2 protein chains.
Amino acid sequence: MPTLSVFMDVPLAHKLEGSLLKTYKQDDCPNKMFLAYRVCMTNEGHPWVSLVVQKTRLQISQDPSLNYEYLPTMGLKSFIQASLELLFGKHSQAIVENRVGGVHTVGDSGAFQLGVQFLRAWHKDARIVYIISSQKELHGLVFQDMGFTVCEYSIWDPKKLCVDPDILLNVVESKQIFPFFDIPCQGLYTGDLEEDTRILQYFVSQGFEFFCSQSLSKNFGIYDEGVGILVVVAVNNQQLLGVLSQLKGLAEALWLNPPNTGARIITSILCNPALLAEWKQSLKEVVENIMLTKEKVKEKLRLLGTPGSWGHITEQSGTHGYLGLNSQQVEHLVRKKHIYIPKNSRINFSCINANNINYITEGINEAVLLTEGSELCLPKEKKL
Amino acid sequence: MPTLSVFMDVPLAHKLEGSLLKTYKQDDCPNKMFLAYRVCMTNEGHPWVSLVVQKTRLQISQDPSLNYEYLPTMGLKSFIQASLELLFGKHSQAIVENRVGGVHTVGDSGAFQLGVQFLRAWHKDARIVYIISSQKELHGLVFQDMGFTVCEYSIWDPKKLCVDPDILLNVVESKQIFPFFDIPCQGLYTGDLEEDTRILQYFVSQGFEFFCSQSLSKNFGIYDEGVGILVVVAVNNQQLLGVLSQLKGLAEALWLNPPNTGARIITSILCNPALLAEWKQSLKEVVENIMLTKEKVKEKLRLLGTPGSWGHITEQSGTHGYLGLNSQQVEHLVRKKHIYIPKNSRINFSCINANNINYITEGINEAVLLTEGSELCLPKEKKL
């Protein structure tokens with residue numbers, strides 16, 4: 001009988017930095033609020049679920065003809081097909097030419113894990129990864145853990161207070177980079193499914209090969225089912241099949257069979273014109289609601305006379321956007337007002353609702369006014 | 001615009017050997033049958049689902065109070081708790097002493113992946129793995145891919161035609177091995193949940209530390225949801241917490257959030273005494289049915305006058321068991337009779353039903369008689 005632990009040398013893992021949510025949860029202040037949830041929230045402060053999902057879930061659970069056998073390692077074929085058509089459009093040149101494929105993965109994290117494993121095995125020379133700042137915490141670590149050097153870049157210009165996509169294009173073209181896109185919530189950006197993947201169409205049209213992590217969690221409101229796809233675009237079908245066959249081997253070792261429920265619900269919706277229309281409508285409503293919230297935030301800051309221009313709030317699309325605050329202002333909001341927002345001031349606007357909008361805008365106003373007074377201690381920023 | 005593929009050097013992956021199912025699928029013979037499915041089959045030849053699962057699934061999909069938020073990385077807490085109690089018993093010394101824990105994983109493959117990653121990182125000296133033959137194809141590759149040397153051992157004694165668990169105990173004790181158990185279908189072995197994990201109780205009572213992959217797919221009939229747990233038993237709570245914290249970091253990179261639906265259904269059943277009783281009853285029925293099938297196979301072979309003793313068929317527990325055929329007999333069944341069974345003759349007895357039992361037993365009889373005639377070419381086996 002062993003007496004010493006074989007785990008003797010295993011220490012408690014260091015907590016990763018950036019556990020804003022954890023600090024928030026430990027905060028006892030009754031006014032505390034968290035504006036950095038990954039998921040879209042309803043006006044009532046719950047994670048959003050498209051109504052058509054609930055209906056479809058119920059219908060599926062009542063269908064005696066369905067079986068619950070293991071999915072193949074590559075996943076649910078009809079789900080992959082429907083999702084790729086959603087991403088690129090049914091008549092996409094790349095789909096017609098049979099050079100687009102995908103592996104059904106356990107969420108977008110699974111898609112990154114799988115893609116990074118592939119790149120490590122088959123792109124041994126490439127060891128540097130450029131990752132957009134807002135994705136670094138979530139996905140950068142996967143690259144880092146596998147031995148890549150991770151460099152950060154930002155498409156948010158804090159001086160001009162706007163997003164500059166040219167930064168991305170310049171990096172990719174000048175450095176001959178292999179692109180690995182992340183489409184975390186198609187349709188929740190502008191409310192228009194096609195518009196939201198325009199960048200992919202551009203890269204396809206330019207003949208690029210790339211990977212893309214496609215998550216269908218947030219735009220359907222199925223967060224707990226790991227519905228992701230690692231999308232592969234190759235120059236031709238032969239190359240595609242080679243890549244997919246290698247990915248299959250990796251997925252076999254990772255999880256062997258991806259989970260089915262979420263994929264089954266989504267496929268039922270995407271393949272039924274009436275349900276599809278309902279879903280699209282629900283996306284539009286969410287996006288309109290978020291735009292309205294942004295308008296209200298801007299208007300309230302205007303009425304409060306908060307110094308600065310706040311047009312950038314409504315100029316950004318999507319659930320998440322930069323408030324355009326500096327680190328001192330963010331610090332004030334977190335420490336003094338118990339409003340938890342990330343250092344880069346990129347918040348989830350769907351977390352703002354009728355119950356908290358006044359407290360939040362007044363907090364922002366206070367933070368900006370206070371740091372105005374301490375301008376002498378800070379490098380003076382150009383007012384726009 | 002790039003002209004050459006970045007995937008140029010990526011070949012089609014070699015197909016793994018042992019794709020018995022693939023050969024079966026490509027066989028055009030109308031009489032073909034496959035006796036090596038991983039899952040338990042009904043008499044009608046469909047994957048078995050416990051009736052209480054369907055009821056619970058429906059009930060869950062009608063519950064408006066449930067949310068579908070991301071699960072924490074470690075998974076659904078109540079699911080882990082209930083599953084560990086199922087495995088070790090509520091009053092297990094190890095549970096009381098707070099030195100048992102688990103990570104909710106994407107099926108048993110996910111549990112192996114996670115456990116092997118941990119062992120690679122924290123047991124750098126241990127590089128040899130002993131794996132039971134029947135598990136080699138499924139889980140051995142995970143170890144191999146991560147640089148372990150995989151050695152095979154069998155607890156099936158082909159001479160004595162019986163399973164000899166002492167082989168396992170001797171290996172573990174003599175070689176100071178760290179045990180990594182696989183409990184793929186608790187309850188489907190003897191029909192008695194406690195009886196089926198007696199080996200774990202033994203190792204706990206002896207003070208061993210170990211990992212265990214616990215799958216709840218097969219014993220509930222939820223195959224497509226990846227319901228697994230990587231179970232950790234340590235000598236004390238402090239060691240346990242260290243290991244779990246490191247596993248959390250690995251799981252974050254692998255899939256970040258495990259899938260929920262299957263775990264939610266199972267937890268509802270395990271935590272409700274009435275549903276639990278129904279589930280237990282359904283397990284008993286399955287096991288009784290399999291025992292009946294085995295009796296029938298034995299009786300039919302007896303009536304056919306097939307040479308040899310066939311008592312070992314009914315002496316083995318569980319869905320899967322060894323027929324005790326040699327490689328030439330297996331070959332005959334596959335090639336001539338289109339009855340697909342693995343080389344070691346370990347079949348899934350739930351694949352045998354009223355429709356195919358005559359064809360199968362007649363095939364076995366034919367194979368045995370034919371190889372009897374060719375005894376001169378083979379080492380003579382001792383008749384029992």
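Modeller: A search of the whole structure finds four cavities of 30 Å³ or more. A cavity here is a set of points on a 1 Å grid over the protein atoms alone, where a 1.4 Å probe fits but cannot get out. Grid points are joined across faces, edges and corners, and a volume is the space filled by probe spheres set on the points.

The model is predicted: local features need pLDDT of at least 70, side-chain atom pairs count only at pLDDT 80 or more, and totals for chains, interfaces and linings use all residues. Residues are numbered from 1 along each chain as its sequence is written, chains are lettered from A and ligands numbered from 1 in the order in which they are written, and side-chain values use heavy atoms, with hydrogens and water left out.

Now the largest cavity. It holds about 180 Å³ of space. Its lining has 17 residues, each with an atom within 4 Å of a point. Nearest its centre lie Arg57(A), Thr261(A), Arg57(B), Ser61(B) and Thr261(B). At least two lining residues come from each of H2 (51-61) and H10 (261-270) of chain A, and from each of H2 and H10 of chain B. Helices are DSSP runs of H or I, at least four residues long; strands are runs of E, at least two. By class, the lining has six nonpolar, five polar and six charged residues. Ala, Val, Leu, Ile, Met, Phe, Trp, Tyr, Cys and Pro count as nonpolar, Asp, Glu, Lys and Arg as charged, and the others, Gly among them, as polar.

Helix H2 of chain A has another link. Lys55(A) forms a salt bridge with Glu278(A), the closest N and O atoms being 2.6 Å apart. A salt bridge puts a side-chain nitrogen of Lys or Arg within 4 Å of a carboxyl oxygen of Asp or Glu. Lys55(A) lies in H2 and Glu278(A) in H11 (residues 273-304) of chain A, so the pair ties together parts that are 223 residues apart in sequence.

Next, the contact between the chains. 68 residues of chain B touch 68 residues of chain A, with contact meaning heavy atoms within 4.5 Å. Two salt bridges are counted between the chains. In one, Arg264(A) pairs with Asp224(B), the closest N and O atoms being 3.9 Å apart. H2 and H10 of chain B are among the elements that give two or more residues to the side touching chain A. H9(B) gives the most, with nine residues. That side of chain B has 38 nonpolar, 19 polar and eleven charged residues.

Definitions and conventions. On a 1 Å grid over the protein atoms alone, a cavity is a set of points where a 1.4 Å probe fits but cannot get out, and a pocket is an open set with protein on both sides within 12 Å along at least five of seven lines; lining residues have an atom within 4 Å of a point.
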